[in-house]
Amino acid sequence: MKKVSITLLAILAVILVGCSGSDTYRGSWKATDSKGAKFELFFDAKNFTVKDSSGKSEKYDYSQNSVEIENSVATYGIQLGDGRGYQINFPNADNETLGLIKDENGNPIYTISRKDYIKYEDIYKL
């Protein structure tokens with residue numbers, strides 16, 4: 001009985017932690033969309049903010065709903081409060097400071113970097 005209780009408690013802890021965003025993508029990002037517009041993103045545990053170049057910002061609630069690691073390339077799935085789903089992908093296995101945010105169909109929405117505004121082509125050049 002004690003083993004069952006410990007197992008259930010461990011599963012509950014994993015579920016609760018799994019809903020909040022990963023430490024990998026939490027924090028500030030410089031983002032560029034496909035048209036070259038620049039944004040600043042800030043990911044917190046359960047919400048993120050998108051601020052455009054004019055200073056206008058919007059806040060979105062989200063929960064992390066998946067983690068996929070294939071060939072050391074990490075992709076995190078998030079679902080917004082309104083039902084939309086996105087993927088945060090780090091295509092360079094040894095560099096989690098550059099990434100892509102994609103829609104549910106895999107189309108890139110933003111390129112993200114911790115340091116600089118970058119273009120889509122720059123992700124794969126480095």
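Residues are numbered from 1 along each chain as its sequence is written. And keep in mind that this is a predicted model, where local features need pLDDT of at least 70, side-chain atom pairs count only at pLDDT 80 or more, and totals for chains, interfaces and linings use all residues, while side-chain values use heavy atoms, with hydrogens and water left out.

Let's start with strand β7, residues 98–103. Six of its six residues are buried, and buried here means under 20% relative accessible area with a 1.4 Å probe, protein chains only. Leu98, Leu100 and Lys102 point one way, and Gly99, Ile101 and Asp103 point the other.

β6 and β7 run antiparallel, with four bridges, and Asn89 has Leu100 as its bridge partner. On to β8: it is antiparallel to β7 as well, through five bridges, one of them linking Gly99 with Ile112.

Now the inside. A nonpolar core is a set of buried Ala, Val, Leu, Ile, Met, Phe, Trp, Tyr and Cys residues joined through side-chain atoms within 4.5 Å. The largest one here has 19 residues, and Tyr25, Leu41, Phe43, Ile78 and Ile88 have the most contacts inside it. β5 is the top contributor, with four residues.

Last, the pockets. On a 1 Å grid over the protein atoms alone, a pocket is an open set of points where a 1.4 Å probe fits, with protein on both sides within 12 Å along at least five of seven lines; lining residues have an atom within 4 Å of a point. Volume is the space filled by probe spheres set on the points, which are joined across faces, edges and corners. The largest pocket holds about 280 Å³, and among its 17 lining residues, Leu41, Phe48, Val50, Tyr60 and Tyr110 are closest to the centre. β1, β8 and α2 each supply at least two residues of its lining, and β8 gives the most, four.

Key. Buried means under 20% relative accessible area, exposed over 50%, partly exposed in between (1.4 Å probe, protein chains only). Two strands pair if DSSP finds at least two bridges between them.
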